[in-house]
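Subject: Structure handover

Hello,

Please find the structure below, followed by notes on what was found in it.

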Amino acid sequence: MTCQISPLSQHTGAEARDVDLSGPVDADTRARLNRAFVEHSVLAIRGQSLTAPQMLAAVQLFGEVFRQHNTRFALPECPQIHYLSNQDKYEDGKRYIPGAGYHTDHSNDAAPPKATALLAIKLPDKGGDTQYVNMHRAYEDLPTETKKRLDGLKAIHVYQSRFSERKLMGLPPEAQKNVPAAVHHPIVRTHPESGRKSLYLNPIRIEGIVGMPAGEALGLLDELLAHATQEKYQYRHRWQPGDLVMWDNRCLLHKANGDYDHSQTRYLYRVMLKGDAPF
Ligand SMILES: [Fe+2]
C-alpha cells in the first residue's frame, strides 16, 4: 500500500489516502506526509479509525505534543487530547461553538503550536466545515507600501482580546498559571521550514500593536483581516468520517462553521504540536 497525496485546492490543502496511522508508519511515508503538510498547509489524512492513544501516537509523526491551555476540555483518559463538541454550553446556557470566527490557535503563547490536528469522531450529516485562509498568499498580494508599513511591527496577543467579538470559554483556575499575560509577535512572520512570509493575525487574541495608538492599530488590523479573508485565499474543508486533519497555524487562519443541525453531535479530538517563537 503506497500513500497517495493529492491537492484539494489551487493553493491550500492536500489529502492523503491509503495510509493507516493505527500502527507503525515507514520512514519514507512519514517524510512524504511531513513534506505535504509544509507544502499544502492543510493535510487531510482520510479513512482513519483511531483510539485516543493511537491518535496521539499518529500526530507525533509530525512533532512534539503541545500542552493546550484550557484543561476543561481534556479527555480524562488521555489528557493531552482535548475534545471539541457542539454540545457544550456557556454559563448562560447558550450553545458554545468552539472555533467560530477566524483565528490561529494559542497565539498568546510565547511559542505557539505549529500545528493543530483534529480527528473526526462524530460529524453532523452536513455542514460544520472548517474554513482556512492562506496567509502566505494574503501577504504576498499586499501592496509594497503596506508591506513596508508592516515591516518590524509587533502585535500584542493576550488570552482574549477585549476587542474580540467572540468570547472564549473561561479558564479553570489550575489552567491560568499556564497562560502568559501578553506576548508580542511580528505581524509578518517567516515560516521556519519553507522560508515564506505570511501575515500573522488573530482577531480573538490581538489587543493592539506595540507603539501604535489603539485606534490606528485596530484600523490597520481590520483592514488586513478584511484583505486576508477574501474568498480567493480560502480553502473550505468538508469533513468526511475518518478524517484526521492537520493544519499549519504559522501561515493559516481557520474557523469553524455552526451552519448545521445542532441536535446532531459534532465531536472531534484535538491535539496540537509544539512550534517556535514567531520571527
Ligand atoms: Fe482553533
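Two strands count as paired if DSSP finds at least two bridges between them; helices (H or I, at least four residues) and strands (E, at least two) are DSSP runs numbered from the N terminus. The model is a predicted one, in which local features need pLDDT of at least 70 and side-chain atom pairs count only at pLDDT 80 or more, while totals for chains, interfaces and linings use all residues. Residues are numbered from 1 along each chain as its sequence is written, and side-chain values use heavy atoms, with hydrogens and water left out.

Sheets

With those terms in place, Val-133 stands opposite Gln-234 in strand 14. Strand 8 (residues 130–134) pairs with strand 14 in the antiparallel sense, over four bridges. Both belong to an open sheet of three strands with the order 14-8-16 and antiparallel pairing. Strand 14 (234–237) and strand 16 are the edge strands, each pairing on one side only. On average, neighbouring strands of this sheet are turned by 20 degrees against each other, direction ignored. For such angles, axes are lines fitted to C-alpha atoms (for helices over the stretch in contact), and the angles run from 0 to 180 degrees between N-to-C directions.

Another open sheet of three strands has the order 10-9-13, and its pairing is antiparallel. Strand 10 (183–186) and strand 13 (206–209) stand at its edges with a single partner strand each, so one side of each has no neighbour in the sheet. Here the twist averages 35 degrees from one strand to the next. Strand 9 (residues 154–157) and strand 13 run antiparallel and are joined by three bridges. One of the residues involved is Ala-155, whose bridge partner in strand 13 is Ile-209.

Iron site

Which residues coordinate the iron ion? They are His-103 (NE2), Asp-105 (OD) and His-254 (NE2), at 2.1 to 2.2 Å. Donors here are N, O and S atoms within 2.8 Å of the metal (3.2 Å for Na, K and Ca); water is not among the atoms, so sites may look incomplete. The spacing of the donor residues in sequence is H-x1-D-x148-H. Asp-105 lies in the loop between strand 6 (78–85) and strand 7 (115–122), and His-254 lies in strand 16 (residues 252–256), so this pair ties together parts that are 149 residues apart in sequence.

Asp-105 is buried, with a relative accessible area of 5%, and His-254 is buried with a relative accessible area of 5%. Buried means under 20% relative accessible area, exposed over 50%, and partly exposed in between (1.4 Å probe, protein chains only).

Cavities and pockets

The search used a 1 Å grid over the protein atoms alone: a cavity is a set of points where a 1.4 Å probe fits but cannot get out, a pocket is an open set with protein on both sides within 12 Å along at least five of seven lines, and lining residues have an atom within 4 Å of a point. Grid points are joined across faces, edges and corners, and a volume is the space filled by probe spheres set on the points.

Two cavities of 30 Å³ or more turn up in the whole structure. The largest cavity has a volume of about 430 Å³. Its lining has 32 residues, of which Leu-84, Tyr-96, Pro-98, Gly-99 and Arg-270 lie nearest the centre. Strand 6, strand 7 and strand 16 are the elements that give two or more residues to this lining, and the largest share, four residues, comes from strand 6.

Arg-270 is in strand 17 (residues 267–273) and is buried, at a relative accessible area of 15%. Its C-alpha atom is separated by 5.1 Å from that of His-82, 188 residues apart along the chain.

The largest pocket holds about 430 Å³ of space. It is lined by 17 residues, and Phe-163, Pro-203, Ile-204, Asp-222 and Leu-225 lie nearest its centre. Helix 6 (residues 214–228) gives the most to that lining, with four residues.

Cysteines and backbone

The structure holds zero disulfides (pairs of cysteine sulfur atoms within 2.5 Å). Cys-3 is buried, with a relative accessible area of 3%, and Cys-251 is buried at 1%.

Most residues other than glycine have a negative phi. Asp-18 is not a glycine, yet has a positive phi of about 60 degrees. It is in the loop between strand 2 (14–17) and helix 1 (27–40) and is partly exposed, with a relative accessible area of 41%.

Regards
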